[in-house]
Amino acid sequence: MKKTISIILATAIMVLSFPLGFFTFTVGALSSGDYTYEISSNNAVIIGVNADIGGKVTVPEKLDNYTVTEIGDKAFYQCKNITEVVVPDTVTTIGDGAFAFCENLQKVTLPDGIKAINDGVFSDCVKLTQINIPDTVETIGEIAFCNCEALVSIVIPDGVTSIG
């Protein structure tokens, strides 16, 4: 019994001796305007949007004082009313299928700093005609532009080392 109490106390002392920033805490889904997001490493990760969002969409740099650094998997999936997306410089990661099936999406502006265009990010964006791929992109995932029927040309930067 004494040994068990000693182990519990020793563990508690070790845990409490770490600075609070050592641990990563995840808070449940939050919302701000048209966006649903989670907090990860004190930054915002967009995990969903209002399905009715439309027109030209400029992804915000901040949501409730948290810097948006990531657009999660399928965050804008099937947002049929979006015609243009501008992603801010704060975003460094765009998840798989993030803009898939946005059937009216025509133009995408990506920031410098993006290193990958992940799997299926723009899959089935049948009206997509214009996208800039920043020089910082190193990989283009599988089916990233699958069924993008209106996309007739893409300039692939020299730094791209892998295309799925």
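This is a predicted model: local features need pLDDT of at least 70, side-chain atom pairs count only at pLDDT 80 or more; totals for chains, interfaces and linings use all residues.
A residue counts as buried when its relative accessible area is under 20%, as exposed when over 50%, and as partly exposed in between.

**Stop 1: S123**

Select S123, in the loop between strand 10 (116–117) and strand 11. Its relative accessibility is 6%, so S123 counts as buried. Which residues does S123 touch, leaving aside those up to four places away in sequence? Show A100, F101, I143, A144 and C146, which are its contacts on that basis.

**Stop 2: the salt bridges**

How many salt bridges are there by the rule used here? The count is 2.

For one of them, select E103 and K80, whose closest N and O atoms are 3.6 Å apart. This pair links distant parts of the chain, 23 residues apart: E103 sits in the loop between strand 8 (93–94) and strand 9 (107–109), and K80 in the loop between strand 6 (66–71) and strand 7 (81–86). E103 is partly exposed, at 35% relative accessibility. K80 is also partly exposed, with a relative accessible area of 35%.

Next, select K107 and E84, a salt bridge with its closest N and O atoms 4.0 Å apart. Here the two residues lie in strands, K107 in strand 9 and E84 in strand 7, and the pair again links distant parts of the chain, 23 residues apart.

**Stop 3: a patch of negative charge**

Now select E61, D89, D112, D135 and D158 together; on the surface they gather in a patch of negative charge. Centre the view on one of them, D135, in the loop between strand 11 (130–131) and strand 12 (139–140). D135 has a relative accessible area of 65%, so D135 counts as exposed.

**Stop 4: D52**

Move to D52, which is found in the loop between strand 3 (43–49) and strand 4 (54–58). With 63% relative accessibility, D52 is exposed.

**Stop 5: two positive phi angles**

Select D64 and N65. D64 lies in the loop between strand 5 (62–63) and strand 6, and N65 is in the loop between strand 5 and strand 6. What is the phi of D64? It is near 50°, a positive value in a residue other than glycine. For N65, phi is near 70°, again positive in a residue that is not glycine. At 43% relative accessibility D64 is partly exposed, while N65 is exposed, at 73%.

**Stop 6: a nonpolar patch**

Finish with I154, I156 and I163. These form a nonpolar patch on the surface, with about 240 Å² of accessible area together. I154 can be found in the loop between strand 12 and strand 13 (162–163). The relative accessible area of I154 is 31%, so I154 is partly exposed.

How values were computed:
Residues are numbered from 1 along each chain as its sequence is written. Side-chain values use heavy atoms; hydrogens and water are left out. A salt bridge is a side-chain nitrogen of Lys or Arg within 4 Å of a carboxyl oxygen of Asp or Glu. Helices (H or I, at least four residues) and strands (E, at least two) are DSSP runs, numbered from the N terminus. Buried means under 20% relative accessible area, exposed over 50%, partly exposed in between (1.4 Å probe, protein chains only). Patches are made of residues with over 30% relative accessible area and no salt bridge: like charges are joined within 9 Å, nonpolar side chains (Val, Leu, Ile, Met, Phe, Trp, Tyr) within 5 Å. Accessible areas come from the Shrake-Rupley method with a 1.4 Å probe; for residues, only the protein chains shown count as cover. Lys and Arg count as positive and Asp and Glu as negative; His and the chain ends are not counted. The place of a charge is taken as NZ of Lys, CZ of Arg, CG of Asp or CD of Glu. Contact means heavy atoms within 4.5 Å.
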